[in-house]
Amino acid sequence: MYLSKVFLDWEVSRNPYDWHRALWRLFPDRDGEARDFLYRVEQMQVGQGVWILMLSAMKPQRESKGVRLIAEAKSVDWLDLPDGIALRFKLTANPTKKIRDREHPERALRVPLIREDEQIAWLERKLEGAASLESVIVTSNPPVFFRKGGSAGKVATVTFQGVLQIISSEAVARLMEGGLGSAKSFGCGLLSLARV
């Protein structure tokens, strides 16, 4: 896996729906393949662009139209983490639950979890068997508004930060590679870890 810091120019970062496609351009000649990367928006400045942290299975190229690496991609391996170690973590996620549509009971709708206790319980379920929470702070983020074709939408996100304890480094590695929760194409799901 490779950890990269990336900058998206304002022209390709105005609509959050385009972020994922812009990042995919750093992996040329892979049309039709699975998009095996996760990312998180670290900072956005209107008129300038978006700064992103990205985790990918392949090493990205240095730049493409409107997107470029800020620093060389760093190779990372999560399997060497000892079980029992405490680490700082950060995760921007879209904690949701599914409910039945009243008008169409055969359909399930994904709705955001609003209460902080529900959001923390969601995170604990996602980490089950991989890590346990020692401390966590939940910060609500402004909604991510996007346009797709002629339609508009929004994604509700929160950022979790705190300390977790590794139960299984293999399970943590799987979570880090696959991400947590939904809305990954909008910058959700990337779990980052650092020494305490």
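## Helix α3 and its packing

In this predicted model, the buried residues of helix α3 pack against β7, β8 (96-100), β10, β13, α4 and β14. Those buried residues are Q119, I120, W122, L123 and L127. They cover an arc of only 155° around the axis, so they sit on the same side of α3.

How far apart are the end C-alpha atoms of α3, and what span should its 12 residues have? The ends are 17 Å apart, which agrees with the 16 Å that the 12 residues should span at 1.5 Å a residue. After the helix comes G129, whose phi is positive, near 85°.

## The sheet beside the helix

Next, have a look at the sheet. It is open and made of 4 strands, in the order β10-β13-β7-β14, with antiparallel pairing. Its edge strands are β10 (131-140) and β14 (191-195), each of which pairs on one side only. On average, neighbouring strands of this sheet are turned by 20° against each other, direction ignored. Helix α3 (residues 116-127) packs on the sheet, where it touches β7, β10, β13 and β14, and its direction makes about 140° with that of β10.

Inside the sheet, strand β7 (residues 86-93) runs antiparallel to strand β13 (residues 158-166), and 8 bridges join the two.

## The largest nonpolar core

Which residues have the most contacts inside the largest nonpolar core? They are L91, L123, F160, L191 and L193, in a core of 32 residues. At least two residues of this core come from each of β3 (49-56), β7, α3, β10, β13, α4 and β14. Helix α4 gives the largest share, 5 residues.

Leaving aside its neighbours within four places in sequence, F160 is in contact with F89, K90, L91, A93, P95, Q119, I120, W122, L123, V136, I137 and V138. Among these contacts are Q119, I120, W122 and L123, which are also buried residues of α3.

## A second core, and V67

There is also a second, separate core of 16 residues, including V6, L23, L26 and F27. Three of these names, V6, L23 and L26, turn up again among the residues that V67 touches.

V67 lies in strand β5 (residues 67-69). Is V67 buried or exposed? It counts as buried, because its relative accessibility is 2%, and the cut-off for buried is under 20%. Not counting residues up to four places away in sequence, V67 touches V6, F7, L8, A22, L23 and L26. V67 and L23 are 44 residues apart along the chain, yet their C-alpha atoms are separated by 6.9 Å.

## S4 in strand β1

One last stop is S4, in strand β1 (residues 2-9). S4 is buried, with a relative accessible area of 1%. What does S4 touch, not counting residues up to four places away in sequence? Its contacts are I52, L53, M54, P60, L69 and A73.

Note on methods:
Residues numbered from 1 in each chain as written. Predicted model: local features only at pLDDT ≥ 70, side-chain atom pairs only at ≥ 80, totals over all residues. Heavy atoms only, no water. Pairing = 2+ DSSP bridges. Axes fitted to C-alpha atoms, helices over the stretch in contact; angles between N-to-C directions. Contact = heavy atoms within 4.5 Å. Core = buried A, V, L, I, M, F, W, Y, C linked by side-chain atoms within 4.5 Å. Buried < 20%, exposed > 50% of the residue type's maximum accessible area, 1.4 Å probe, protein only. Expected span 1.5 Å × (residues − 1). Arc of directions from axis to C-beta.
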